[in-house]
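Subject: Structure for you to look at

Hello,

Here is the structure I said I would pass on. Please open it next to this email and follow along.

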Amino acid sequence: MSALHLAIEGLGLWTPQLGHVEALRALLSGAPVVAPPARPAAATLPANERRRAPESVLLATEVADQAVAMSGRAASELACVFTSSHGDQAITDYMCATLATAPTALSPTKFHNSVHNAAVGYWTIATGCHAASTAVCAHALSFGAGLLEATSLALADRRPVLLVCSDIAGSGPLREVTGCAQSFGVAVVLAPVSNASALATLTLRPSPCRDAATVTLPEPLASVRDGNPAAGALDLLVPLLRGAAHARLAASPSMELDLDMEYPG
């Protein structure tokens, strides 16, 4: 496959330790960081929806809000790709426990929120977005797979695309299976043509997987990456914020993405 060229126009980030990308930049520079509120703000959602929405939706909405605001784009005009390795683990745990003990007591609202595209549904309704939307899952490689999907969509349709990748902490016995210890969400706005306000220009080359290679991260970032599959995005975010020229991401068991980055100025 030929090299793919696009611009990074906006970034969003939320973890229990870091409430936005600038907090990550501060952490990397050794500056003190103040933890965000325990619940993602998700300000785009109407107040009633925000009260009812599960954590998975709040997390995805919050990072999407941040990335879109940084890009200066209108959320209603952005095609979007939302990706998650495990979906809403708390609701999945609830549904499994309820079906095993009292299936007739299963909450229709919980079931409604359990589907993998729930977050993108909330987002597109709240923003009035009628552009194409996709929900992707590729287990631990969901960020890389989502990046390739969003890149392909941006270049095929010649339009900007919002990519969101998020997973909440595991719940109940499911946590023992997924190993997902804490929440992590990231969002990126990609565009097929660079402009003066772009954070970086990205050249993406799919290639066969080589030996596993990840970015060396300081604590607590290394533990965050180990404790949430969505945090594999740190293998792009950290080099990007450090102004590095290269990064690598796995997109499938047999494919990785070689990424070259150039910066304005």
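Start with the second largest pocket, which has a volume of about 230 Å³. Keep in mind that this is a predicted model. The pocket is lined by 14 residues. Closest to its centre are Glu49, His112, Gly121, Tyr122 and Ile125. The most comes from α6, with five residues.

Rolling a probe the size of a water molecule over the atoms shows where empty space is left. How many cavities of 30 Å³ or more does a search of the whole structure find? The search finds one. The volume of the largest cavity is about 190 Å³. Its lining has 21 residues, and the closest to the centre are Ser56, Ser84, Gly87, His116 and Ala119. At least two lining residues come from each of α3 (55-71), β2, α5, α6 and β4. Helix α3 supplies the largest share, four residues.

Now find the sheet. Strands of a sheet pair through backbone hydrogen bonds, either parallel or antiparallel. Here eight strands form an open sheet with mixed pairing. Their order is β3-β2-β4-β5-β1-β6-β8-β7. Which strands sit at the edges? They are β3 (133-136) and β7, and each pairs on one side only. From one strand to the next, the twist averages 30°.

Two strand pairs deserve a look. Strand β1 (residues 4-14) pairs with strand β5 (residues 184-191) in the antiparallel sense, over seven bridges. Leucine 11 has valine 188 in β5 as its bridge partner. Helix α7 packs on this sheet. It touches β1, β2 (79-83), β3, β4 (161-167), β5, β6 (200-208), β7 and β8. The direction of α7 makes about 170° with that of β4.

The other pair is β7 (residues 246-252) and β8 (residues 255-262), which run antiparallel and are joined by six bridges. They form a hairpin, with two residues between the strands. Leucine 249 has leucine 257 in β8 as its bridge partner.

Then look inside. The largest nonpolar core has 51 residues. Leu147, Phe184, Leu234 and Leu259 have the most contacts inside it. Helix α7 (residues 142-157) gives this core its largest share, eight residues. A second, separate core has 25 residues, including Ala64, Val120, Leu162 and Val164.

Take leucine 259 as an example. Neighbours within four places in sequence aside, it is in contact with Leu147, Leu202, Thr203, Leu204, Leu236, Ala245, His246, Ala247 and Leu249.

Leu234 leads us to helix α10 (residues 234-241), where it is one of the buried residues. Just after α10, glycine 243 takes a positive phi of about 75°.

Last, a single residue to check. Threonine 98 is found in helix α4 (residues 89-101). Is threonine 98 buried or exposed? Its relative accessible area is 10%, so threonine 98 counts as buried, which means under 20%. Setting aside residues up to four places away in sequence, threonine 98 touches Pro103, Ala105 and Leu106.

Best wishes

Technical notes
Residues numbered from 1 in each chain as written. Predicted model: local features only at pLDDT ≥ 70, side-chain atom pairs only at ≥ 80, totals over all residues. Heavy atoms only, no water. Pairing = 2+ DSSP bridges. Buried < 20%, exposed > 50% of the residue type's maximum accessible area, 1.4 Å probe, protein only. Core = buried A, V, L, I, M, F, W, Y, C linked by side-chain atoms within 4.5 Å. Contact = heavy atoms within 4.5 Å. Axes fitted to C-alpha atoms, helices over the stretch in contact; angles between N-to-C directions. 1 Å grid on protein atoms, 1.4 Å probe; cavity = no way out; pocket = protein on both sides within 12 Å on 5 of 7 lines; lining within 4 Å. Points joined across faces, edges and corners; volume = space filled by probe spheres on them.
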